[in-house]
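Reader: I have a sequence and a model to look at. Please take me through some of its contacts, one question at a time.

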Amino acid sequence: MTMASSPPSAVHPTLAILLVVGIFTFLAAVFAVTGKRPTKQTTWLGIGTLKWISALGLVVLAAVLITGLNAAHPLIDKNYAAVFVTTSGWLLVAKLTITCLILAIALRIHFVTLPAIVNDPESAITAKRSLRRWVVVEGILAPPLLWVGHMVANEHPPNHAVIYTWPYPFRFSVMNTWGMAMLDAVIGVWIAITLLIVAGAFTLRALMQGGRSSWRFGIPTVLVLLALVVGAYALSIKAYPETYRDTPVPFRSESVAHAMTIFAENCVPCHGHQAKGDGILSKTLPKKPIDLLTEPHATMHTPGDFFHWLTNGVPGTGMPAWGEKFSDKERWDLVNLIHAINRGYQARIMNTRILPNQPFLAPPGFSYTTHDGTTGRLKDFRGEKAVLLVLFSWPDSRERLDQLRLAYPALRDHKAEVLAVPLTELTSQQIADIGKDIPFPVVEREAAEIARTYSLFRRTISHPDLMGPATVPKHMEFLFDRFGYLRARWIPETDAADWNDIQFVTQQVDQLNQEQEIMPPPPDYLQESGHDMHMMGGMKM
């Protein structure tokens, strides 16, 4: 997307050119009005003209700033980190800085210098010199502003940047600091706010009194810089070269299931069967492993953070480096598993009734091959149908499958598809026999991966299953909306018998189909938390 690809972006460069023309017009007018002999007073008409041009310039400046921020927003698109590691990002920062400097000078000229020329004849000569000096500075800043704007329009925007290596040992994370109500972050932020308030008071006093004493603006400048340092430190956390690296392995069932095997063979002694950090060796470690199940670590840290820890270990905790034992893909598989574990725990609040207009859980995707050789993917139904994923045991689920067989035409009429996946290992002949009388697909290949992955979504409020090896129910059903989000779940062993009434199920489907798109469909790859602004800043180690 270029600067001229939308109406606000098209208006912005026009306003920027108008601003530069206005600055040089104002420069010429200032020297024409104030460049006379000192003994001859400046006419009211001349000062009135300068005030009018100055006021108009402030309006244009405000419009340039507003339209510029509006045009820059889609160029960043939440990829705030890229602003500090890409050429286009630094150009945007330079452009904003120059614009703010020009705005600060324009405010001083309009509210301090011009009134001083009229209201204080004794210091009029000094005020005129100050006016000419500041206008010259504006004129010097104007060409770089145009040049930077031109360069921004011709650079790849930050939202297209791929950050393979993060060059700073720190980053901003509002969620991990202020969002977690960390005491040092709260204190630091309030200190920064207090410093900014004091700086504003000094600045207001300086503007009202005028004069040339450098301390009047020097002190506010120092206070603002100090506030930025304190605030940045308070909101910063440690970062790594891989922190913003894109996940190359899709968040899919085959990746999660593969990682479950790796986890069982290598990680259970320390992290425990449920990843709660309660393995048999956990008490022998310098620091107990973190709880990856019930604590929000997956949302507090980027996928790249976990990849770094898996690769290099965590000093002082007993967490070893797995970079040499496991391939890059296997370590990314483990990152996918960490997220699947945490999302499975988040699913415990689900039941047989959907929460209207509240899609919050993006499940792992999957591919499948059915008993008749048909292939497909979960995402193939996006925008078209809701999906009822049935994880069944045989022959325990025979009665339910018969019920769904009879109800399938009604479900299809309500724009819902049924996918049946065996929870237990069945032979090809057994699956063929089951699918012979069933009109909906019965998954044969990839069934084991889907079943293992979605067993992580078995937990309920009443049966959290937090201790020891997993206890997987014999039958589970999951309802996805047509945008790809997991919205409801039925486990006959623990839930009410609502879904035995097919009319109840179709009502839930109808409710989903009435919803408009609330959130974009879940991405195929893990991304950093969308509601957190991760940016370079601070110096916390």
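**Helix contacts and ring pairs**

Author: In this predicted model, Ser253, Glu254, Val256, Ala257, Met260 and Thr261 of helix α7 are in contact with Glu449, Ile450, Arg452 and Thr453 of helix α14. The residues of this contact comprise four nonpolar, three polar and three charged.

Reader: Are α7 and α14 roughly parallel or roughly perpendicular to each other?

Author: Helix α7 covers residues 253–266 and helix α14 covers residues 447–454; their axes come within 8 Å and cross at roughly 75°. Angles of 65 to 115 degrees count as roughly perpendicular. The two helices, α7 and α14, are therefore roughly perpendicular.

Reader: How are the rings of Tyr454 and Phe480 arranged, stacked or edge-to-face?

Author: The ring centres of Tyr454 and Phe480 are 6.1 Å apart, and the planes stand at 80°. Planes over 60 degrees apart count as edge-to-face, so the pair Tyr454 and Phe480 is edge-to-face.

Reader: How many residues apart are Tyr454 and Phe480?

Author: Tyr454 lies in helix α14, while Phe480 lies in strand β8 (residues 476–480). The pair links distant parts of the chain, and the separation is 26 residues.

Reader: Is Tyr454 buried or exposed?

Author: Buried means under 20% relative accessible area. Tyr454 has a value of 0%, so Tyr454 is buried.

Reader: Which residues do ring pairs link into a cluster with Tyr454 and Phe480?

Author: Ring pairs form when centres lie within 6.5 Å. Through such pairs, Tyr454 and Phe480 belong to a cluster with Phe366, Tyr368, Phe457 and Phe478.

Reader: How many aromatic pairs are there by this rule?

Author: The rule is that ring centres lie within 6.5 Å. By this rule the count of aromatic pairs is 15.

Reader: How far apart are the ring centres of Trp166 and Tyr168?

Author: Trp166 is buried, with a relative accessible area of 2%. The planes of Trp166 and Tyr168 are at 70°, so the pair is edge-to-face, and the centres are separated by 5.2 Å.

Reader: Which ring does the charged end of Arg245 sit over?

Author: A charge sits over a ring if CZ of Arg is within 6 Å of the ring centre and within 35 degrees of the ring normal. The charged end of Arg245 is 3.9 Å from the centre of the ring it sits over, that of Tyr164.

Reader: Where does Cys100 lie, and what is its relative accessible area?

Author: Cys100 is in helix α3, residues 87–119. The residue Cys100 is partly exposed, with a relative accessible area of 37%.

Terms used
Residues are numbered from 1 along each chain as its sequence is written. This is a predicted model: local features need pLDDT of at least 70, side-chain atom pairs count only at pLDDT 80 or more; totals for chains, interfaces and linings use all residues. Side-chain values use heavy atoms; hydrogens and water are left out. Axes are lines fitted to C-alpha atoms, for helices over the stretch in contact, and angles run from 0 to 180 degrees between N-to-C directions. Helices (H or I, at least four residues) and strands (E, at least two) are DSSP runs, numbered from the N terminus. Angles under 35 degrees count as roughly parallel, over 145 as roughly antiparallel, 65 to 115 as roughly perpendicular and the rest as oblique. Contact means heavy atoms within 4.5 Å. Ala, Val, Leu, Ile, Met, Phe, Trp, Tyr, Cys and Pro count as nonpolar, Asp, Glu, Lys and Arg as charged, and the others, Gly among them, as polar. Rings of Phe, Tyr and Trp (its six-membered ring) pair if their centres lie within 6.5 Å; planes under 30 degrees apart count as stacked, over 60 as edge-to-face and the rest as tilted. Buried means under 20% relative accessible area, exposed over 50%, partly exposed in between (1.4 Å probe, protein chains only).
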